[in-house]
Amino acid sequence: MKSTRQIVSTYVMKQGFNYIEKNPLENLNNILNWVRKIDTKDAYKKTYDALEKVLPDKDNNWNIYIRSLFEDIHPQVLKKFLSNFIVNTLIFSPQRAKVYSERYNCNIPNVILMDPTTKCNLKCIGCWAAEYDKSASLSFDDLDRIIVQGKELGIYMYIYSGGEPLVRKDDLIKLAEKHNDCTFLAFTNGTLVDEAFAKELLRVSNFLLAISIEGYEEETDMRRGEGTYSKAIKAMDILKAHKLPFGFSTCYHSFNVDVIGSEKYTDLMIEKGCKFGWYFTYMPLGKDARTELMVSPEQRELMYHKVREFRATKPIFLIDFWNDGEYSGGCIAGGRTYMHINANGDVEPCAFIHYSNANIKEVSLLEALKSPLFMQYKMNQPFNENHLRPCPLLDNPDKLKQMVHESGAKSTQFLDEESVDDLTDKCQDVSRKWAETADRLNEKATAEGRQAVGM
């Protein structure tokens, strides 16, 4: 894929930057029109139309949110956000993915999630990465090679997980500096964020953080260890003071749903400066997984309603990795939108699916995307007509069992090579119960949609 400056004239890019530098709040309409001009395929027309309606209303939560981006974030970072995320990742990357997907007959993602290391300074209860070899790591050259090959396929966003990725903060900064046309994001416990690192984040301007937090002090420290909450909050304060964009990442489980699904908790995250929030639900990975942490259908439905309520009323962008399947058209893993490469180099369809046929240290990125398990994903997605049941493990466990067996994929878990039969057995009961709730919600949404169009 050619660089943004090769595809879009220097004049057009400079025009967008001028709006940010001169007076972005007075130029919101101009910035929106600038993005429309860049998006020649009009891929986000509905989004642009919706934004046009809210921009005149200064009391609208999305208006407040957009204004907060320009007020709270350093202009240098905003310029990178426009060129790297809006233009490269959101607009051009999907276009290139479509071309290459047809050419190579495989899924081509827009995002790659990878683990620089399995090392971590915490030992969280129920961590999905706890089953990996703690000595595993991807070298700087490994990470660089993945990014170089990814950019050749039009992939310009890279997310780090772990382990604790900031154990490798120096290497990650070097990668962000070298690939200054990409957007980088790390899921981090926040305990290694300090003033010096914040200054480096501002210097490169294309590296964001999502701070992992499980609620308030009691809920966070329960899973992550005493003192972790206060360190996470301190990290947020440091990032906010340096006018850096960041968000929160919250795993909801049976013991914290009422807290993290509350308006008070969401308001606190906004107050601390979070510009986005990413919700995940607890997954029972590993033979010793605590299945009692899995949410009930009632708790998952609560999050379904709460996230939608807050998206309509709060100035923050929220994502629910499972319950937003109706917007993404089902499961996004297996390269359909994203993929995962663990610290050992095993190429997995998802961070929560620890099976693989390929190792990135032995094959190219494209070869990994054409591996048997990834091709099974491509052939079987979506896994359910009801996109509120998107996941092949949590919602359609027999699908995952079938794909792993058909592909001959092997467990990538170092501590216990959990068979796919054992893993999916743990999800059968939860899946059946959620199916009843999800089908009811889907029927209601379908009926409301028909009523809205007069059917």
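1. In this note, two residues are in contact when they have heavy atoms within 4.5 Å of each other. Leaving aside its neighbours within four places in sequence, Lys231 is in contact with Gly190 and Thr191. The C-alpha atoms of Lys231 and Gly190 are separated by 6.6 Å, although these residues stand 41 residues apart along the chain. Lys231 belongs to helix 11 (residues 228-241), where helices (H or I, at least four residues) are DSSP runs numbered from the N terminus. Lys231 counts as partly exposed because its relative accessibility is 47%, given that buried means under 20% relative accessible area, exposed over 50%, and partly exposed in between, with a 1.4 Å probe and protein chains only.

2. Please keep in mind that this is a predicted model, in which local features need pLDDT of at least 70 and side-chain atom pairs count only at pLDDT 80 or more, while totals for chains, interfaces and linings use all residues. Residues are numbered from 1 along each chain as its sequence is written, and side-chain values use heavy atoms, with hydrogens and water left out.

3. Helix 6 (residues 75-104) bends by about 45° at Ser93, and a proline, Pro94, follows within four residues; the bend at a residue is the angle between axes fitted to the seven residues ending there and the seven starting there. After helix 6 comes Asn105, whose phi is positive, near 55°.

4. A search of the whole structure finds zero disulfides, a disulfide being a pair of cysteine sulfur atoms within 2.5 Å. For Cys106, the closest cysteine sulfur, in Cys331, is 16 Å away, too far for a bond, and Cys106 is buried, with a relative accessible area of 0%. Cys391 is in no disulfide either, since the nearest cysteine sulfur, that of Cys331, is 6.4 Å away. Cys391 is also buried, at a relative accessible area of 10%.

5. The whole structure was also searched for cavities of 30 Å³ or more, and one was found; on a 1 Å grid over the protein atoms alone, a cavity is a set of points where a 1.4 Å probe fits but cannot get out, and lining residues have an atom within 4 Å of a point. The largest cavity holds about 50 Å³ of space, where grid points are joined across faces, edges and corners and a volume is the space filled by probe spheres set on the points. Among the residues that line the largest cavity are Thr281, Tyr282, Arg300 and Trp434.

Definitions and conventions
1 Å grid on protein atoms, 1.4 Å probe; cavity = no way out; pocket = protein on both sides within 12 Å on 5 of 7 lines; lining within 4 Å. Helix = DSSP H or I, 4+ residues; strand = E, 2+ residues; numbered from the N terminus.
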